[in-house]
Amino acid sequence: PGANLLSIAARVISMQTLQHRAFVSRAENAAGDTVTTFAAPVDIQGSVQPINKRLYQELGLNLTKNYVMLYTSATILPTSRDREGDLVSFGGKTWQCESDQSWAAMDGFTKMLCVEVPAYE
């Protein structure tokens with residue numbers, strides 16, 4: 001506790017540059033469809049790790065979707081009752097932040113479960 005483990009690991013493992021789009025709002029358009037708005041993308045640094053498909057059942061994940069774990073010191077927020085999760089893009093794919101384990105206060109980083117989603121324009 002108290003040591004930024006992600007910063008220590010970044011000395012050995014190359015961090016990746018990701019595009020982060022923060023959730024802004026969700027509103028109904030004239031057609032009655034819910035439209036979600038995200039901020040313009042900004043670069044953040046993080047480490048993206050695949051989740052082995054054998055762990056999907058143990059973690060309660062949908063076997064038909066693709067998931068990764070994102071480790072970052074950037075402020076990103078997951079899906080919650082009143083908001084969509086922030087988006088991160090890398091490797092030609094877009095991922096929505098689903099749930100987090102924040103060690104930001106203690107160790108300066110967040111571990112975020114992300115699910116692949118269609119790209120948002």
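Cysteine 97 takes part in no disulfide, and the nearest cysteine sulfur, that of cysteine 114, lies 3.9 Å away. Cysteine 114 is likewise in no disulfide, with the sulfur of cysteine 97 as its nearest at 3.9 Å. As a reminder, a disulfide is a covalent bond between the sulfur atoms of two cysteines. Are these cysteines buried or exposed? Cysteine 97 is buried, at a relative accessible area of 0%, and cysteine 114 counts as buried at 0% too. Buried here means under 20% relative accessible area, exposed means over 50%, and partly exposed is in between, with a 1.4 Å probe and protein chains only.

A word on what we are looking at. This is a predicted model, where local features need pLDDT of at least 70, side-chain atom pairs count only at pLDDT 80 or more, and totals for chains, interfaces and linings use all residues. Residues are numbered from 1 along each chain as its sequence is written, and side-chain values use heavy atoms, leaving out hydrogens and water.

How confident is the predictor? On pLDDT, its confidence in each residue from 0 to 100, the protein averages 83, and 81% of the residues score at least 70. Where pLDDT is low, the predicted coordinates should not be read in detail.

Now the overall layout. There are 3 helices and 8 strands, taken as DSSP runs numbered from the N terminus (helices H or I, at least four residues; strands E, at least two). Along the sequence they follow the pattern α-β-β-β-β-α-β-β-β-α-β. Of the 121 residues, 34% count as buried. Contact means heavy atoms within 4.5 Å, and among contacts between residues at least 6 apart in sequence, 49% join residues at least 24 apart.

Next, a hairpin. Strand β2 (residues 23–28) pairs with strand β3 (residues 34–38) in the antiparallel sense over 5 bridges; to pair, two strands need at least two DSSP bridges between them. Alanine 27 sits opposite valine 35 in β3. The hairpin has 5 residues between its strands, and glycine 32 in the turn has a positive phi of about 85°.

Histidine 20 is in strand β1 (residues 16–21) and counts as buried at 7% relative accessibility. What does its side chain make a polar contact with? The partner is the side chain of aspartate 86, at 3.0 Å. A polar contact is a pair of N or O atoms within 3.5 Å; within protein, one must be able to donate a hydrogen and the other to accept it, and residues adjacent in sequence count only if both atoms are side-chain atoms. Leaving out residues up to four places away in sequence, histidine 20 also touches others, including Pro41, Ile44 and Leu87.

Finally, glutamate 84 lies in the loop between β5 (67–72) and β6, and is buried, with a relative accessible area of 18%. Its side chain has a polar contact of 2.8 Å with that of arginine 26 and another of 3.2 Å with that of glutamine 96. Beyond four places in sequence, the residues in contact with glutamate 84 include Phe23, Thr36 and Phe38.

Technical notes
Disulfide = S-S within 2.5 Å. pLDDT = per-residue confidence, 0-100.
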